[in-house]
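Q: Please take a close look at how individual side chains pack here, with the cut-offs spelled out. I would like one connected account.

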Amino acid sequence: MQTSKAKEYKHVCKRACQRAVDRLKAGALAVDAVTAALVELEDSPFTNAGMGSNLNLSGEIECDASIMDGKSLRYGAVGAVSGINNPVLVANRLLSEAQKGKLSAGRIPPCFLVGRGAHDWAVNHGIPPCPSEKMATKFSLSAYKRNKHKMELAEKVDTGFNHHSKKRRQASETENGSGLLDTVGAIVVDREGNVAAAVSSGGLAMKHPGRVGQAAHHGCGCWAENTSTLNPYSTAVSTSGCGEHLIRTMLARECSSAMQCEDAHQALLEAMQNKFISSPFLASEDCVLGGVIVLRCCRCSDAQPSPDIQAILVEFLWSHTTESMCVGYMSAQDGKAKTHISRLPPGAVAGQSLAIEGGVCRLVNTPTTVD
């Protein structure tokens with residue numbers, strides 16, 4: 001998260017929370033509410049998703065997004081798609097179309113589309129295209145020019161072999177990497193206890209055209225799974241950070257699996273430490289950058305046995321190895337959303353240390369009837 005945009009991040013997080021809660025109050029399921037939240041986040045020019053996304057090496061915008069429904073366990077994703085302002089809408093439509101069953105001649109419907117094929121499928125299914133040049137903002141264009149200049153300088157430095165040049169190159173890489181990871185995500189539980197998760201990203205700045213990040217990969221960008229005979233808790237996870245690190249560790253699914261332990265806080269702490277920072281899959285990395293938001297819920301065991309009252313115990317946690325991360329949260333019982341800029345502890349080193357926070361709330365839903 002870029003500290004200079006902290007105020008804007010808080011505002012858009014509040015709007016996204018309110019949009020999702022409004023949908024939930026209207027009776028929408030979790031998967032529809034989480035989509036509404038992501039659309040709000042993608043429409044903000046300050047986030048690296050949809051409008052205002054990072055530009056790739058060719059100066060173009062290519063976006064990734066995915067969504068998972070904890071009730072059906074269906075998943076939809078798009079990767080490296082251009083000319084679509086809200087890629088999460090395409091991911092959600094892929095999910096809903098797949099639920100209709102097989103296509104003509106017994107063909108299996110797709111759950112993950114990329115590039116031109118994803119764009120054409122979206123347009124054919126009623127999702128309006130948006131010229132890529134209209135998705136770029138003054139901020140993203142100026143960032144592209146700065147990064148291109150830095151790359152040109154770094155390439156000149158690479159022709160030398162002295163120690164001073166190496167330090168300059170490493171500094172340039174750090175500037176280009178850690179500050180441009182503003183992936184957006186959301187996690188939701190509805191009144192029935194169904195969970196859903198979604199994530200959307202413009203990807204790393206100056207990425208190679210065609211690169212697909214964690215936001216589109218199954219088990220890496222998001223995960224959602226309702227309670228079952230095997231899982232006592234419903235869980236929803238969304239991740240952010242360096243896509244390559246998150247892909248190689250499948251962090252979203254790892255965190256979801258860890259949440260089946262009794263102590264959620266300790267489970268997430270151990271998952272981030274053992275499955276991410278110290279993961280054998282990232283043994284060659286000295287700076288592991290990522291963050292997660294996690295939702296875990298179950299029926300309250302102390303709730304009164306009444307068919308008219310449902311109580312759900314909800315735990316919301318977040319953790320990150322980046323310098324900071326902006327989070328927002330809200331329930332249907334709240335008047336407004338709460339936002340928070342989470343930061344690493346003083347003295348902690350980004351990519352090597354982590355922050356973890358969260359809280360617990362109890363949702364009581366009384367079903368309403370219309371006479």
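A: R296 sits over the face of Y233, 3.7 Å from the ring centre. A charge counts as over a ring if NZ of Lys or CZ of Arg is within 6 Å of the ring centre and within 35 degrees of the ring normal. This is a predicted model: local features need pLDDT of at least 70, side-chain atom pairs count only at pLDDT 80 or more, and totals for chains, interfaces and linings use all residues. Residues are numbered from 1 along each chain as its sequence is written, and side-chain values use heavy atoms, leaving out hydrogens and water.

Next, the rings. Rings of Phe, Tyr and Trp (its six-membered ring) pair if their centres lie within 6.5 Å; planes under 30 degrees apart count as stacked, over 60 as edge-to-face and the rest as tilted. By this rule there are three aromatic pairs. In one of them, F316 and W318 have ring centres 5.3 Å apart and planes at 50°, so the pair is tilted. Both F316 and W318 are buried. Buried means under 20% relative accessible area, exposed over 50%, partly exposed in between (1.4 Å probe, protein chains only). Ring pairs also bring in Y329, which forms a cluster with F316 and W318.

Now T183. UniProt lists T183 under "active site" in an unreviewed entry; such annotations may be inferred rather than shown by experiment, feature names are shortened, and positions follow the numbering used here. T183 lies in the loop between helix 7 (163–178) and strand 4 (184–189). Helices (H or I, at least four residues) and strands (E, at least two) are DSSP runs, numbered from the N terminus. T183 is buried, because its relative accessible area is 14%. Beyond four places in sequence, T183 touches N48, V199, S200, S201, Q214, T239 and S240. Contact here means heavy atoms within 4.5 Å. One of these partners, S201, makes a side-chain polar contact of 3.1 Å with T183. A polar contact is a pair of N or O atoms within 3.5 Å; within protein, one must be able to donate a hydrogen and the other to accept it, and residues adjacent in sequence count only if both atoms are side-chain atoms.

Another loop, between helix 2 (30–43) and strand 1 (63–69), holds L57. N56 is placed in that loop too. At 0% relative accessibility, N56 is buried. L57, at 34%, is partly exposed. The N56 side chain reaches the backbone nitrogen of S58 at 2.9 Å. Leaving out residues up to four places away, N56 touches E62, Y144, M206, K207 and P209. With neighbours within four places set aside, L57 is in contact with Y144, M151, M206, K207, H208 and P209. The C-alpha atoms of L57 and N147 are 9.5 Å apart, at a separation of 90 residues along the chain.

Helix 4 (residues 115–124) has A118, H119, W121 and A122 as its buried residues. They cover an arc of only 165° around the axis, so they share the same side of helix 4. The arc is that of the directions from the helix axis to the C-beta atoms. The face turned away from the buried side carries exposed R116 and N124. Cover for the buried residues includes strand 2 (75–81), helix 3 (87–98) and strand 3 (112–114).

Last, backbone angles. A80, in strand 2, has phi near 45°, a positive value in a residue other than glycine.
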